[in-house]
Amino acid sequence: VLPVPNTTPNNPVTGLAYNESTNTLYITDGSNVIRWYSVGGGCQLSLIFRCIPPIGAGEVLTGCATDDLNGLIFYSTALPGTPGGRVYVAPQTNPCAVICVHFIANCGTLTMGPLVGLAFDSCARVLYATDGRVVVG
């Protein structure tokens, strides 16, 4: 069990991603902050850095995933009350230096709800996003 620093009941974790090769844990939270920690063993997270991503007004961070082979981090946002959301792409070394942004609103003919999570398959090189009911990759 690793206690997550800088979180409270009013500021929950919204996403976790772990890079096994660097032992780095990326955490997004309800205050729209991205923090990354060194996981050197034991039960202690050591803060490396934190940043406030350049997301749109009213957007809320809802998830994150990493592509460890290419050193990228993906994080999703949702705008409460609207379908889908945005996925931001940035280098793991500076998660707030956005390279590009993708808007996801539907999966085929299905309109998605607000995005709530991400996962990345490094072997297939596919990013998956979900609203909790539908998954798009």
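Visitor: Is Cys51 buried or exposed?
Guide: This is a predicted model. The cut-off for buried is under 20% relative accessible area. Cys51 has 11%, so Cys51 is buried.

Visitor: Which cysteine forms a disulfide with Cys51?
Guide: A disulfide needs sulfur atoms within 2.5 Å. The sulfur atoms of this pair are 2.0 Å apart, and the partner of Cys51 is Cys96.

Visitor: Where is Cys96?
Guide: The disulfide of Cys51 and Cys96 links distant parts of the chain, 45 residues apart. Cys51 is in strand β4 (residues 46-51). Cys96 is buried, at 17% relative accessible area. Its place is the loop between β7 and β8.

Visitor: What is the angle about the S-S bond of Cys51 and Cys96?
Guide: The link of Cys51 and Cys96 is right-handed. The angle about its S-S bond is 85 degrees.

Visitor: Why is Cys100 too far for a bond to another cysteine sulfur?
Guide: Cys100 is partly exposed, with a relative accessible area of 29%. The cut-off for a disulfide is within 2.5 Å. The closest cysteine sulfur to that of Cys100 is in Cys96, and Cys100 is too far for a bond because the distance is 15 Å.

Visitor: Which strands are the edge strands of the open sheet of four strands?
Guide: The order is β5-β6-β7-β8, with antiparallel pairing. An edge strand here pairs on one side only. The edge strands are β5 (60-67) and β8 (100-104).

Note on methods:
Residues numbered from 1 in each chain as written. Predicted model: local features only at pLDDT ≥ 70, side-chain atom pairs only at ≥ 80, totals over all residues. Heavy atoms only, no water. Pairing = 2+ DSSP bridges. Helix = DSSP H or I, 4+ residues; strand = E, 2+ residues; numbered from the N terminus. Buried < 20%, exposed > 50% of the residue type's maximum accessible area, 1.4 Å probe, protein only.
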